[in-house]
Amino acid sequence: MLFSELGLGPDVLRAIEDKGYTQPTPIQEQAIPWVLQGRDVLGCAQTGTGKTAGFTLPMITMLASGRARARMPRSLILEPTRELAAQVSESFETYGKYHKLSMALLIGGENFSEQVKKLDRGVDVLIATPGRLIDLFERGNIMLNDIKVFVIDEADRMLDMGFIPDIERIVSKLPKSRQTLFFSATMPPEIRRLADAFLSTPQEVTVAPPASPAETVTQAMALVHDVDKRKALRHLLNTEEVKNAFIFCNRKRDIAVLQKSLERHGFNVGALHGDMVQSKRTETLDLFKKGEISLLVCSDVAARGIDVQGLSHVFNFDVPLTPDDYVHRIGRTGRAGKQGRAFMLATPDDTKLVGNITRLIKREIPMIAIDGLETAEFGDEDARPRRGGRGGASAGAGRGRPEPRARAPREERPAREERPAREERPVREERPVREERSARDDRPVREERQPRESLAAAEARRNSEPRRDRDRGGDRRRRRDDDDDDASVIGFGDHMPAFMLRSARPRPAPESIVEAADQGQEG
Ligand code: AMP
């Protein structure tokens, strides 16, 4: 099928041609005609399928006629994270370049007054994260009663992040007669219930079975002992042909430590997580997209929707706590028909989490062995060797299979590997969140973390909270503007408190955080 057969306007078609797209993707082919007919759409599609253009292209065609009034946007797109919102606004700029549509991006961490000025002038397209939108609404800067097209993107992520009460609140301010487009990568029952509440006789379009990892991603997993993870990662980085990669950690504090460790080992690496100020997040992502940073150690803020063209690798330094996150993380690579490679480092503690993932994706993840590291056994952490007692298994030995596309390892920087063995594990010892969760299957984790709250209950609780507290983040669990990780996890940014680095036994003071961490891992 051709784009010209979908009913899009000529200026949109010109912009698509400039962009170099020759054919609509399946989600575009299925969704665009329904959107243009004014129907509600329930789209089940992973990121990477072209779903953003699936809703932006017809919206531009539909909004081409008509004018926005001051403070009364004509369309609203809700995104769970600032990065995604920014990405959607870039799509509008690209595909709407021959139109004169005005657009405002309302995201946390950016200047309020600039955003308010834009709204005052009138906008056709408003792209927002829920928290900031509610703030501006409460201040009277915005009216939502002229919204004709409403898009909820990444609905399952919204659920994860506790945005659903906010979204219910926003929807209650929208006109009843509107068109709603609802997209989600997965369709668990909670999301379906929401879709039933928000959509009116929707047309359903599904382009991939929920939560199926793209076929273009080659997956592999190394089972190592916790203390060996950094070394295993470096080995993979040195032996794989890594052009650029996301390296996912579960906890923000581990991100800073891992980033510094990799820096010390000579890698060109940045970090991205929800505790960073927005300007730094944007700058880091830009540098990464430009290729000036080739590795990004990140939290799940980077797992959804972030579109980096041609990302060659994804490394799960930690096994994600929910299997959906695995699918989203590895979905950053192998996009737009390109091949990608995804590696995961699992430890014996991760048995259940890995089981949850393989159940969801309905396949085993091939195991590989790492040169010079003993391959661990699932569920066998007690039997692991003491620190420094390397088993000496080589690539392809033990339970592992040969590394995919192995090539001669570049010379590893040996300095840290040669440290004398020690027995303490100072930094990564405590894993309460993971252990508590690993005994359950994937869904209850979300339900427990984000109990659904009715609109009335949410309002009552919101009103009973002191305003100052809410503004400072007292309502953080429910309404993190765009935060990413588990709310029970405390991020320390780049600063690791000293008490966390102190080992059980007295030893000479480490030179730096990284050294301490490296010592802790590498013995
Ligand atoms: P998305 O799933 O919306 O994040 O899109 C993933 C990637 O696919 C983006 O880099 C888009 O630029 C690209 N893309 C979207 N539509 C097409 C198309 N019809 N042909 C080729 N690439 C596309």
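1. Let's start with Thr 201. In this predicted model, Thr 201 has a relative accessibility of 62%, so it counts as exposed, the cut-off being over 50%. You'll find Thr 201 in the loop that runs between α9 (189–198) and β7 (203–206). Take a look at its backbone too: phi is near 30°, which is a positive value in a residue other than glycine.

2. Now try Lys 362. Is Lys 362 buried or exposed? Its relative accessibility is 73%, so Lys 362 counts as exposed. Lys 362 sits in the loop between α14 (351–361) and β14 (367–368), and its phi, near 55°, is again positive in a residue that isn't glycine.

3. Step back to the whole chain for a moment. The protein chain has 20 helices and 14 strands. Of its 523 residues, 59% count as buried.

4. How many residues of α10 (229–239) are buried? Eleven of its eleven.

5. Next, the nonpolar cores. In soluble globular proteins, nonpolar side chains tend to be buried together. Here the largest nonpolar core has 36 residues, and the members that touch the most others are Leu 76, Leu 78, Leu 126, Leu 133, Ile 167 and Phe 182. Leaving out residues up to four places away in sequence, Leu 126 touches Pro 73, Ser 75, Leu 76, Ile 77, Ala 104, Leu 106, Leu 119, Leu 133 and Ile 142. Apart from this core lies another one, of 33 residues, among them Phe 248, Ile 306, Met 344 and Val 354.

6. Last stop: the largest pocket, with a volume of about 830 Å³. Its lining is made of 33 residues, and Lys 19, Tyr 21, Tyr 95, Asp 307 and Gln 309 lie nearest the centre. The elements giving two or more residues to that lining are α3 (51–63) and α4 (82–95), and α4 supplies the largest share, seven residues. Sorted by class, the lining has nine nonpolar, 14 polar and ten charged residues.

7. Where does the largest pocket lie relative to the domains? Domain 1 (3–206) and domain 2 (217–368) both contribute residues to its lining, so the pocket lies between them.

Notes
Residues are numbered from 1 along each chain as its sequence is written. This is a predicted model: local features need pLDDT of at least 70, side-chain atom pairs count only at pLDDT 80 or more; totals for chains, interfaces and linings use all residues. Side-chain values use heavy atoms; hydrogens and water are left out. On a 1 Å grid over the protein atoms alone, a cavity is a set of points where a 1.4 Å probe fits but cannot get out, and a pocket is an open set with protein on both sides within 12 Å along at least five of seven lines; lining residues have an atom within 4 Å of a point. Grid points are joined across faces, edges and corners, and a volume is the space filled by probe spheres set on the points. Helices (H or I, at least four residues) and strands (E, at least two) are DSSP runs, numbered from the N terminus. Ala, Val, Leu, Ile, Met, Phe, Trp, Tyr, Cys and Pro count as nonpolar, Asp, Glu, Lys and Arg as charged, and the others, Gly among them, as polar. Domain bounds come from an automatic or database domain assignment. A nonpolar core is a set of buried Ala, Val, Leu, Ile, Met, Phe, Trp, Tyr and Cys residues joined through side-chain atoms within 4.5 Å. Buried means under 20% relative accessible area, exposed over 50%, partly exposed in between (1.4 Å probe, protein chains only). Contact means heavy atoms within 4.5 Å.
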